[in-house]
Amino acid sequence: MKKVTVIYWSGTGNTEMMAKAVAEGAESDNSVVRLLSVDKASAEDVANADGVALGCPSMGAEVLEETEMEPFVASLEKVVAGKPLVLFGAYDWGNGEWMKDWEERMKGYGANLAAEGLIVNLTPSDEDLHACKELGAKLL
Ligand SMILES: Cc1cc2nc3c(=O)[nH]c(=O)nc-3n(C[C@H](O)[C@H](O)[C@H](O)COP(=O)(O)O)c2cc1C
């Protein structure tokens, strides 16, 4: 059984909608999927998973949410080497710079990015949710 863990932060629910669809996409006869908001997650949840999806919207000025998600991501530095990983999140007025920075950072930690980071403008459409499911399936 493949253990897939989806961990996210979401203020107004857009990234949470994405997270649920990513988790759905990772479900199969051969996988066990956990969906956790970041306040319920630990670095151990990541260390113990075969594949990990992390979600966070663009906050501050093109950065991760600073109170919970940023320290959580920092705590993964020593645990994601070689780990299949995908990133996703919602944004509004920016150009997706936070996601580019986030991808580079996770590559720097040695993570094995299984797909390009998926970014969605505000509330995900049906098409966006389909893309989220496909993203989750990349971890199978
Ligand atoms: C404090 C704050 C800062 C934000 N900064 C950015 C930003 O730098 N770039 C951007 O594209 N969107 C920014 N946004 C917009 C959010 O990324 C967008 O509303 C997103 O849909 C929120 O996702 P959520 O519903 O999962 O919280 C910001 C929103 C807030 C509340």
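Student: Which residue does the side chain of S58 join in a polar contact?

Tutor: A polar contact is a pair of N or O atoms within 3.5 Å; within protein, one must be able to donate a hydrogen and the other to accept it, and residues adjacent in sequence count only if both atoms are side-chain atoms. Here the side chains of S58 and E62 are joined by one of 3.5 Å. The model is predicted: local features need pLDDT of at least 70, side-chain atom pairs count only at pLDDT 80 or more, and totals for chains, interfaces and linings use all residues. Residues are numbered from 1 along each chain as its sequence is written, and side-chain values use heavy atoms, leaving out hydrogens and water.

Student: Is S58 buried or exposed?

Tutor: Buried means under 20% relative accessible area, exposed over 50%, partly exposed in between (1.4 Å probe, protein chains only). S58 has 18% relative accessibility, so S58 counts as buried.

Student: And N95, buried or exposed?

Tutor: N95 is exposed, at 63% relative accessible area. Its side chain reaches the backbone nitrogen of E97 at 3.1 Å.

Student: How do I read a helix face?

Tutor: An α-helix has 3.6 residues a turn, so residues three or four places apart point the same way. In α5 (residues 126–137), a helix of twelve residues, the buried residues are L129, C132, L135 and G136. Seen down the axis of α5, they fall within an arc of 110 degrees, so they line one face of the helix. The arc is that of the directions from the helix axis to the C-beta atoms. On the other side of α5, D126 and E127 are exposed.

Methods. Helix = DSSP H or I, 4+ residues; strand = E, 2+ residues; numbered from the N terminus. Expected span 1.5 Å × (residues − 1).
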